[in-house]
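Here is my note on the model you asked me to look through. Keep the viewer open and find each piece as you read.

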Amino acid sequence: MTQDQLRQAYASAHPDYSAGKLGQAVSQASKFAHDIAKGTTVVTYNPEARIYHIGRVTGDCMPVSDIDGITYKRNVEWERETSRDLLATSSRNSLGSLTTIFSISPEVAADLNHAASAPAGSATPDETIPDADDDEARFATYDDGIERIKDRALSLGWDEMEQLVAGLLRSMGYHAEVTPKGPDGGRDVVASPDPLGLESPRIIAEVKHRKGPMGAPQVRAFIGGLRAGDRGLYVSTGGFTKEARYEADRANVPVRLLDLDGLVKLYVGSYDKADEETRALLPLTRIWWPA
């Protein structure tokens, strides 16, 4: 279809679309079908792992026959990947858009390629993350906003992360406190429905604020330390291995594994109910604009 034919088809299928929404939909479909050619380098993002995958388009725009409705695909050969943490702040801030398909600048592409070729364990760029101004924030999508909050959360100290988890539980209606420092047996935060900690369910939280995923042995040891009537919350900003998630799924007591993505999304959803001490750790500003 030409762009005019696409516009007519969209207008017929979605008569309630405004002119702006119609134009955006047509532009996205046209880019996917026509502007992206074989050999084009494309980038997609996995927010849970904080990994950008870089690949090359290997096929034409083709219909998918085994899915209900009219769906099209482009085959991609994924070649490299890099952590978001290895990118410059300016690159991280630009890798978000109100649209699904958008172009990135040569500078950002070069930064992605450089980070993808960096040796394992390379340090994060030593840059201060600037406060986003109103114009920048206004044009950030929800997902892009979540990623920027995750960037800031990673800059917290380990003790601040424990306080953030305790504050999150308090915003959910629990009485939560960080345990005193010292051998804690995986009990960094204890939360209960009552101030004395006598009512059930009592939540025992372990907080690991470090790079690299937690594996099955760590999760197994945490589960082994839970008592009858406890509920386990294991927070790891570095994520979890597949084997660790399996250990949690087969545990005899309820255990929730929470990675950085899940933690930040819960924090955003509970922010309005959080106390001042918690908000001071990771301050947010809610911005509204017309749809």
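1. The protein has 11 helices and 10 strands. Helices (H or I, at least four residues) and strands (E, at least two) are DSSP runs, numbered from the N terminus. This is a predicted model, in which local features need pLDDT of at least 70 and side-chain atom pairs count only at pLDDT 80 or more, while totals for chains, interfaces and linings use all residues. Residues are numbered from 1 along each chain as its sequence is written, and side-chain values use heavy atoms, with hydrogens and water left out.

2. Next, the overall numbers. Of the 291 residues in the protein, 37% are buried. Buried means under 20% relative accessible area, exposed means over 50%, and partly exposed lies in between (1.4 Å probe, protein chains only). Among contacts (heavy atoms within 4.5 Å) between residues at least 6 apart in sequence, 54% join residues at least 24 apart.

3. Start with one of the two sheets described here. Strands pair if DSSP finds at least two bridges between them. An open sheet of 3 strands runs in the order 1-2-5, and its pairing is antiparallel. Strand 1 (41-46) and strand 5 are the edge strands, each pairing on one side only. From one strand to the next, the twist averages 25 degrees; axes are lines fitted to C-alpha atoms, for helices over the stretch in contact, and angles run from 0 to 180 degrees between N-to-C directions. Strand 1 and strand 2 (residues 51-57) are joined by 6 bridges in the antiparallel sense, and Asn 46 stands opposite Ile 51 in strand 2.

4. Now look at helix 4 (residues 106-116), which lies across strand 1, strand 2 and strand 5 and runs at about 80 degrees to strand 5. Which residues of helix 4 are buried? They are Val 108, Asp 111, Leu 112, Ala 115 and Ala 116. These residues sit on the same side of helix 4, because they cover an arc of only 130 degrees around the axis; the arc is that of the directions from the helix axis to the C-beta atoms. The buried residues of helix 4 pack against strand 1, strand 2, strand 5 and helix 3. Turned away from that buried side is a face with the exposed residues Pro 106, Glu 107 and His 114.

5. A single residue deserves a visit here. Asp 85 is found in the loop between strand 5 (76-83) and helix 3 (89-94). Is Asp 85 buried or exposed? Its relative accessibility is 17%, so Asp 85 counts as buried. The Asp 85 side chain makes a polar contact with the side chain of Arg 50 (2.7 Å). A polar contact is a pair of N or O atoms within 3.5 Å; within protein, one must be able to donate a hydrogen and the other to accept it, and residues adjacent in sequence count only if both atoms are side-chain atoms.

6. Strand 7 and strand 8 pair in the antiparallel sense over 3 bridges, with Val 190 opposite Ile 204 in strand 8.

7. Finally, the cores. A nonpolar core is a set of buried Ala, Val, Leu, Ile, Met, Phe, Trp, Tyr and Cys residues joined through side-chain atoms within 4.5 Å. In the largest one, with 27 residues, Val 165, Leu 169, Val 189 and Leu 233 touch the most other members. Helix 7 (158-171) is among the elements that each supply at least two residues, and the largest share, 6 residues, comes from helix 7. Another core, of 13 residues, lies apart from this one and includes Ile 204, Met 214, Tyr 234 and Ala 251.
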